[in-house]
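Here's a quick tour of a two-chain model, taken one topic at a time. Have the viewer open and follow along.

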Amino acid sequence: MVKYVVQRLILMVGVVLGVVTITFILSRVLPSSPAELMLGGRPTVEQIAAAEAEMGLDQPLPVQYINYVSDLSQGEFGRSLRTGQPVLSEVSDRLGATFELTTLAIVLVVLVGIPLGVLSAVRRNSMLDNVARAIAVGGVAIPSFILAMALQLIFYGALGWLPLQGRVAPIVSLDSPILPITQLYLIDALLTGNWDGFRDALAHIALPLLTLVILLLATVTRITRNMMVEVLKEEYIRTAFAYGVPKSSIYYRHALKATLIPMLTVIGLTYGNLLGGAVIVEFIFDWPGLGAFVVFSIIANDYPASLGATLFLAGIYLSVNLIVDLLYFVVDPRLRTQ
Amino acid sequence: MSDPVLEISGLEVTFPGLVRSTTILRSIDMRIDAGDVLGLVGESGCGKSMTALACLGMVPAPGSVSGGIKVDGYEVVGRSDAELGAVRGSKAAMIFQNPMRSLNPFFSVGRQMTEIIRLHRSCDKADAYMIAMEELTSVHMPDPDFALSKYPHQLSGGQIQRVMIALALACRPKLLIADEPTTALDVTVQAQIISLLRELADKTGLTILFITHDLGVVSQLCNRVAVMYAGRIVETGSVEDVIDNPRHPYAAKLMNTVPTIGHGLRDLDSIPGQVPDPAFPPPGCAFHDRCALAIELCSQTIPRTKVMAGAHEVACHRAGDIRDAAKVTS
């Protein structure tokens, strides 16, 4: 198993290097002048040339690439061209927001989607199964931005129950500010007993969270259902029935454990989709996360920022999938005992 | 005489279809007394396994069951899954054809055994573990402690079949249903499992419904035989009666011989023709178009079960005519 982990880690480094290379190339072929952006205003040709020399942009591309990679390997992500702040601190400020939103979404999707999938499998072709199927098709077919705006129209526009966008209301951050401990506002507010802050943070996260959950719930439910239908045909399930094992134990213990392995893969990949999907959702809900940050950075051609954020997203995705692969060993004794 | 451990009367199992429904089992009557080892013999698809599943109330949906099945006096037909908890394992325990797939690969053998033992013996984990150890010892499992700590994939097919038998015995059932328990095993392992079942039947008076297509196994293990063809039982009797002196032409052919009146017997390797499609059963006797002895009546009327001598029962219009013919070979 140690050998497997080492193999996977080496592979991960390779993938990260690939991501770095591709994002680097993409950022350099875009027709714009980062130096001009950094200087702001209306710089002269001489000023631009001087800034480019300072930033190393006058060097040939391969040299720029090597410089960039060697900076990265020392943990040096550069400075954002827009804000002048170190990319690392900009990114880690926003990482918490994205992490809070996506992790909460995946937890909800798993907690709701898997039992719903099991129920659909057990009551095949029942009303519940058919409704779940219809929602699944809908959930996959609706683009995230439409769904997000529809929810805004309903819950903010028509009902006025929830805030339109943002992560916390300005008045709350003045009156009872949430002290950053983990950067996850809900947890920070709870830790400090800041109930006003908690309520406000919850109201703000509700709509983006709902959007992501609706988008993903359908997939997870249907996949759980189909895996479960297959597992229930297995002979060891028949054995359990033949010995009078209660149905709930058969479904939620014996059968669910067998569906867990393929489900882990799906959840890992879904988390990846979530990070990508969150870009649009964060943008629409003005959620101060990495996704929105990447969008703004790309639009502004703030290449150190977009490169840094992309690397972080790739890193999270790879880590989640590594964890998923290691969980296989926990779940499947056939892997563990070889 | 004591009540039978298993009493099946007029059992029918039907599966609805889009166009027409398919009847898999037709008016099955069967009785197993305490201490009997009954071999249920027939070709694959004739309904043997369905009969076994029906005894536990486990006919898969959307199959419908009618008739009566009493296991140790308890009527199984028409009961809910919750009610059948009193039968499954406790009154009748089953072992299966494919031991490697009979246990959940994600839980250790010990955990699966103790879970089921606790359901039926109402004891705590430690006691259940002791019971599992005892039963594994009684089925001659070498190193029971070791086996209990393992996952199914770490044991061989023969070992798991021993585990399954131990598991069945641990529930203290009145009836052991063995659905082709040796078919998936190597020949040498097969012989071990058969002699184990024989030993258990002799020592503890275990009542067994043994499903197989292997007549050799039947003669080693069973004292009674029921021969099944196309969803019906065509002949029932003691092993001696049925194997040495079959009265139904199908049973006789199964014994690899063909009876012809007055001309003795000649050996045949196979039975001509095919098993009828259960969705389109032929009129009359289901075997008539493969039967060398068929007369016109055979294609018109379904033969009733007739008692030949003692407990030897045959469902064939011509059973009386082939009375002595089969004896010639034995």
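Let's start in a loop: Asp143(B) sits between helix H5 (125-138) and helix H6 (144-149) of chain B. Its phi is positive, about 55 degrees, even though Asp143(B) is not a glycine. Keep in mind that this is a predicted model.

- As background, most residues other than glycine have a negative phi, and most peptide bonds are trans.
- Asp143(B) counts as exposed, because it has 11 C-beta neighbours inside 10 Å, and the cut-off for exposed is 12 or fewer.
- Over in chain A, Asn301(A) also isn't a glycine and has a positive phi of about 55 degrees.
- You'll find Asn301(A) in the loop that runs between helix H13 (290-299) and helix H14 (303-331) of chain A.
- Asn301(A) has 18 C-beta neighbours inside 10 Å, so it counts as partly exposed.
- For a cis peptide bond, look at the link between Ala61(B) and Pro62(B), where omega is about 0 degrees.
- Pro62(B) belongs to the loop between helix H1 (48-55) and strand S4 (64-71) of chain B.

**Helix H8 of chain B**

- H8(B) covers residues 187-204, and its 18 residues should span 26 Å at 1.5 Å a residue; the end C-alpha atoms are 26 Å apart, so the two agree.
- Which residues of H8(B) are buried? They are Ile193(B), Ile194(B), Leu197(B) and Ala201(B).
- Looking down the axis of H8(B), those buried residues fall within an arc of 100 degrees, so they line one face of the helix.
- Thr188(B), Asp202(B) and Lys203(B) are the exposed ones, on the other side of H8(B).
- What do the buried residues of H8(B) pack against? Their partners in chain B are strand S3 (37-41), helix H7 (157-170), strand S7 (175-179), strand S8 (207-212) and helix H9 (215-221).
- After H8(B) comes Gly205(B), with a positive phi near 65 degrees.

**Cys285 of chain B**

- Cys285(B) is in the loop between strand S12 (264-267) and strand S13 (306-309) of chain B.
- Is Cys285(B) buried or exposed? Cys285(B) counts as buried, because it has 28 C-beta neighbours inside 10 Å.
- Leaving out residues up to four places away in sequence, Cys285(B) touches Cys298(B), Ile302(B), Pro303(B) and His317(B).
- Between Cys285(B) and Leu197(B) there are 35 Å from C-alpha to C-alpha, and they're 88 residues apart along the chain.

**Chain A overall**

- Chain A has 15 helices and zero strands.
- Its C-alpha trace spans about 85 × 55 × 40 Å along the principal axes.
- Of the 338 residues in chain A, 36% are buried.
- Take the contacts in chain A between residues at least 6 apart in sequence: 69% of them join residues at least 24 apart.

**Transmembrane annotation**

- An unreviewed UniProt entry lists residues 9-30, 101-122, 134-159, 201-220, 260-285 and 305-331 of chain A under "transmembrane region".
- How does the model treat residues 101-122 of chain A? They are 100% helix and 0% strand, with end C-alpha atoms 32 Å apart.
- Residues 305-331 of chain A are likewise 100% helix and 0% strand, and their end C-alpha atoms lie 39 Å apart.

**Domains of chain A**

- Chain A splits into domain 1 (16-73) and domain 2 (91-336), with C-alpha centres 36 Å apart.
- Ten residues of domain 1 of chain A contact ten residues of domain 2 of chain A.
- On the domain 1 side of that contact, helix H1 (2-29) and helix H2 (34-39) of chain A are the elements giving two or more residues.
- H1(A) gives the most to that side, six residues.

**Where the chains meet**

- The contact between the chains uses 23 residues from chain B and 17 residues from chain A.
- On the chain B side, the elements giving two or more residues are strand S6 (92-95), helix H3 (99-102) and helix H4 (109-121) of chain B.
- H4(B) supplies the largest share of that side, three residues.
- By type, the chain B side has twelve nonpolar, seven polar and four charged residues.

Key:
Residues numbered from 1 in each chain as written. Chains lettered and ligands numbered in written order. Predicted model: local features only at pLDDT ≥ 70, side-chain atom pairs only at ≥ 80, totals over all residues. Contact = placed C-beta atoms within 7 Å. Helix = DSSP H or I, 4+ residues; strand = E, 2+ residues; numbered from the N terminus. Nonpolar A, V, L, I, M, F, W, Y, C, P; charged D, E, K, R; others polar. UniProt positions renumbered as here; feature names shortened; annotations may be inferred. Expected span 1.5 Å × (residues − 1). Buried ≥ 20, exposed ≤ 12 C-beta atoms within 10 Å, placed from the backbone. Arc of directions from axis to C-beta. Domains from an automatic or database assignment.
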